[in-house]
Amino acid sequence: MLIVLHPDISREQQGAVEARVRELGFTPHAIEGAGRTAIGITGNKGPVDPGHFRELPGVADCIPVTAPYKLVSREVKHEDTVVDVSGVPIGGSDLVVMAGPCAVENENQILTAARGVAASGASLLRGGAFKPRTSPYDFQGLKQKGLELLEKARSETGLKIVTEVKDTETLAAVAESADLLQIGARNMQNFSLLEAVGDLRKPVLLKRGMSSTLKELLMAAEYIVSRGNKQVILCERGIRTFETMTRNTLDLNAVPMLKMQSHLPVVVDPSHGIGIRSAVLPMARAAVAAGADGLIIEVHPDPDRALSDGMQSLNLPLFDKLMREIEKIAAAMGRGLHRVARS
Ligand code: PEP
Ligand code: MN
């Protein structure tokens, strides 16, 4: 149920509506829209009787919500959500590009990558410090040292940092360094981690699980938003299908479907989506054409020597080419490319 408030409702009247929701044993969530506020209700097992609220002062309407992912649904909030990542707006008119290596490997690697992607127009630097790897024998990331190197790259280039948080034990450390917390595909349904990031007030990039449906992705986002953290960005990164020629199948259906169902921004990761260096560029173009709000691209100064995901990582000249091409596609879509102001 969504309680739509009059635009001129007083604070006291809004407080009384929220108190009524609590009295009934439910949780109220204020949802700010253009020109008016609404109160979403969660915690109810079945339909809520609108008669509880209809006559309260300042209430304009009571609308039933049918989507199970209530707070992230378009039914509850019609306008697009714009997530503010330390001053970089994601989900607004401009396309935002996040780029960098799969993993932070050493100082020279991350600084070279950061300088290169910044020069080509990226706004965020990606790089895993805590890496969830399929094999326990593979490089697991530089951990705390990796976070420190990301911070160094941020202070040198002005790029904001997106990095993965692998578990609740390391969340505090990662949240201290990151501007945007990445929840990886393998953790999309790690409910304790979703709840823990839901309790923070820091933006989250939630990647789709490799075998997850769009509904499951939206329900995972709901875990975060229902704890009060409204700053969630959805990320399509490819799913497992019967196809074996590519690492995953980049499901670009996700872009219009998620946008139809949800007000949250949608970012596409063509690097993991296809897994083949020379195919990342065409899929990046396609993602922008499909309406993605941003891209996350793996870029390494020397991809053939990368400690992880070298096969799908672009070198710096290829990334520059990608940026020039997607800028044209974005322009055709009536969008600019967001750039960070540098001093
Ligand atoms: C990554 O971004 O390097 C990564 C591990 O991605 P995913 O969780 O989508 O596999
Ligand atoms: Mn990777």
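How far apart do the C-alpha centres of domain 1 and domain 2 lie? They lie 36 Å apart. The chain is divided into domain 1 (2-63) and domain 2 (83-332), with bounds taken from an automatic or database domain assignment.

Some ground rules. This is a predicted model, in which local features need pLDDT of at least 70 and side-chain atom pairs count only at pLDDT 80 or more, while totals for chains, interfaces and linings use all residues. Residues are numbered from 1 along each chain as its sequence is written, chains are lettered from A and ligands numbered from 1 in written order, and side-chain values use heavy atoms, with hydrogens and water left out.

C102 sits in the loop between β7 (96-100) and α2 (107-120), and H272 in helix α8 (residues 270-274), so the pair ties together parts 170 residues apart in sequence. Helices (H or I, at least four residues) and strands (E, at least two) are DSSP runs, numbered from the N terminus.

Next, the helix pairs. Axes are lines fitted to C-alpha atoms, for helices over the stretch in contact, and angles run from 0 to 180 degrees between N-to-C directions.

The axes of helix α9 (residues 277-290) and helix α10 (residues 316-332) come within 9 Å, crossing at roughly 20°. That makes α9 roughly parallel to α10; the classes are roughly parallel under 35 degrees, roughly antiparallel over 145, roughly perpendicular from 65 to 115, and oblique for the rest. From α9 the contact (heavy atoms within 4.5 Å) takes in R277, V280, L281, A284, R285, V288 and A289, and from α10 L318, K321, L322, E325, I326, I329 and A330. The α9 contact with α10 has ten nonpolar, no polar and four charged residues. Here Ala, Val, Leu, Ile, Met, Phe, Trp, Tyr, Cys and Pro count as nonpolar, Asp, Glu, Lys and Arg as charged, and the others, Gly among them, as polar.

Helix α6 (residues 214-225) and helix α7 (residues 254-261) have axes that come within 11 Å and cross at roughly 50°. That makes α6 oblique to α7. L214, L217 and L218 of α6 meet A254, M257, L258 and Q261 of α7. By class, this α6 contact with α7 has six nonpolar residues, one polar and no charged.
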